[in-house]
Amino acid sequence: MAERDGARHLARLMARGCDFLGSDCAIMGGAMTWVSERTLVSAISNAGGFGVLACGAMEPGRLGEEIRATRARTARPFGVNLIVMHPRLDELVETVIAESVSHVVLAGGLPPARALSRLRDAGAKVLAFAPTVAIARKLVRAGVHALIVEGTEAGGHIGPVATQVLAQEILPALAEVVPVFVAGGIGHGAMIAAYLEMGAAGVQLGTRFVCARESIAHPDFKRAFIRAAARDAVASVQLDPRFPVIPVRALKNRASETFMRFQAETIDRVARGELTEEQGRLAIEHYWAGALRRAVIDGDVENGSLMAGQSVGMVRREQDAATIIAELLDEAARHLERTEPACPA
Ligand SMILES: Cc1cc2nc3c(=O)[nH]c(=O)nc-3n(C[C@H](O)[C@H](O)[C@H](O)COP(=O)(O)O)c2cc1C
C-alpha cells in the first residue's frame, strides 16, 4: 500500500513535466554530443522518458536525417538540442521546423532572439539553460517555454555554481511561472524526488545514460565510466586569464594531464615571443578539437575527452535504458514513501 502511495505521489509530482514533454515520466535524457543519437534517444523515449538528440557540430542535412531515423524508431516524443554558437544555427532551426520537432533545447549560451521567435512561431516548445536567476528571468521574459537549471556537477560544459544552490535560487522564484527541469549530479531517484518536491517539473540526466546498453559509446568509454568514482570527474582548469579555457567536466586521463602542461608550455612560448598572444589562445582553444569523438566513437580513452559528471560514481554496469529509468522511478517512489505519511486513498 505504502509502495503504491509513493508511486502515486511521484506521478503527481511529475504530472506537469510529463504534460509539457508528452512523456510518461519527467526524466529527460540530456543531449550528449556523439552519444545521444537515434538509438539511445529512441530507447529513452520508448522507455517512457524523454530523449534529446544532440546536434553538436552536425550540418543541417545530417541533422534532418538523424531526426527522421529517430522517428523511425519511436512514436514517442523526443527533443533536439542545438548549440547556439553553431555557425549555421538559422539553417538548423529551419531543419527542426521542417521536421516538425516538438521540443528544442537551445544550449551553449543565450538563445538569439531570432531563433527563439522562429521556433515559437512554428509551434515548437523551447527550453533553455539558466545559469543564474537573473538569466532565468530574462529567458522567461524572452519567451522560452521551460528552463533547465544545470549545476557544476554535470558532465560536459559547466558553470561554476552547484545544482543544489541554483535549484534553491531558481525553483522558488520561477517554478510556478514555467516548468523548470533540474540537471547535474543526479544519479539516484531520491534526488529526483527531492527536486520535484522543491517544485521542479522534472529532471535531466546525462552521465547515467552513457552506459545504457543502447548507447553507441565505445565499450572502453563505457568501461571508464563504470570504473570511475565521483572524484575522478574533474573540471578543466584555466592557468592564465589571458588564455581562456571553457570549463568542461570530464574523467581524468592522459589528455587532461597533458592539457595543463600544454597550457603552461604555450604560455611560456608566448612569453618568449615564439607565438603571438592570439596564436597561443588559438592553440589552447584547439587542444580539445575532435577529442570527444576520439573517446566516444574510437574508444581512445587516454587521448580523448571523457566528458562525465560527478554522478559517474553511481554508474555501475551497462543496463537497458528502460531499466535505468525504472530503477530511478522506483528509488524516487521509495524515497517519497519513506518521507510522506500515507495518503488517503
Ligand atoms: C559526454 C557528454 C556530452 C554532452 N554534450 C552535451 C551537448 O552536446 N549539449 C548539451 O546541451 N549538453 C551536453 N551535455 C550535458 C547533458 O545534456 C546533461 O545536461 C548533463 O549530463 C546532466 O548532468 P549529469 O551528467 O550530472 O547527469 C553533455 C554531457 C556529457 C556527459
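These legends go with several close-up views of one predicted model.

**View 1. The whole chain, end to end.**
Let's start with the overall picture. The chain is built from 14 helices and 11 strands. Along its principal axes, the C-alpha trace spans about 75 × 45 × 40 Å. How does the radius of gyration of the chain fit with what a compact globule would have? A compact globule of 345 residues would come out near 20 Å, and the chain has 20 Å, so the two agree.

**View 2. Inside the chain.**
Now for what's tucked away: buried residues make up 47% of the 345 residues. Take the contacts between residues at least 6 apart in sequence: 65% of them join residues at least 24 apart.

The chain is divided into two domains. Domain 1 comes in two stretches, 2-217 and 315-339, while domain 2 covers 229-307. Taken over C-alpha atoms, the centres of domain 1 and domain 2 are 28 Å apart. In the contact you'll find 10 residues from domain 1 and 11 residues from domain 2. What kinds of residues does domain 1 bring to the side that touches domain 2? That side has five nonpolar residues, five polar ones and no charged ones.

**View 3. Around the ligand.**
Here we look at the shell of residues around the ligand. There are 27 residues surrounding the ligand, and the closest are G30, G155, G156, G206 and G309. Which elements give two or more residues to this shell? They are strand β9, residues 202-205, and helix α9, residues 207-210. By type, the shell around the ligand holds 11 nonpolar, 13 polar and three charged residues.

**View 4. A closer look at L89.**
Let's finish with a single residue. L89 sits in helix α4, which runs over residues 89-98. Is L89 buried or exposed? L89 has 20 C-beta neighbours inside 10 Å, and a residue is called buried at 20 or more, so L89 counts as buried. Leaving out residues up to four places away in sequence, L89 touches L82, V84 and A115.

Notes. Residues are numbered from 1 along each chain as its sequence is written. This is a predicted model: local features need pLDDT of at least 70, side-chain atom pairs count only at pLDDT 80 or more; totals for chains, interfaces and linings use all residues. Domain bounds come from an automatic or database domain assignment. Two residues are in contact if their C-beta atoms, placed from the backbone, lie within 7 Å. Ala, Val, Leu, Ile, Met, Phe, Trp, Tyr, Cys and Pro count as nonpolar, Asp, Glu, Lys and Arg as charged, and the others, Gly among them, as polar. A residue is near a molecule or strand if its C-beta atom, placed from the backbone, lies within 6 Å of it. Helices (H or I, at least four residues) and strands (E, at least two) are DSSP runs, numbered from the N terminus. The radius of gyration is taken over C-alpha atoms; the globule rule is 2.2 Å times the number of residues to the power 0.38. A residue is buried if 20 or more other C-beta atoms lie within 10 Å of its own, exposed if 12 or fewer, and partly exposed in between; C-beta atoms are placed from the backbone.
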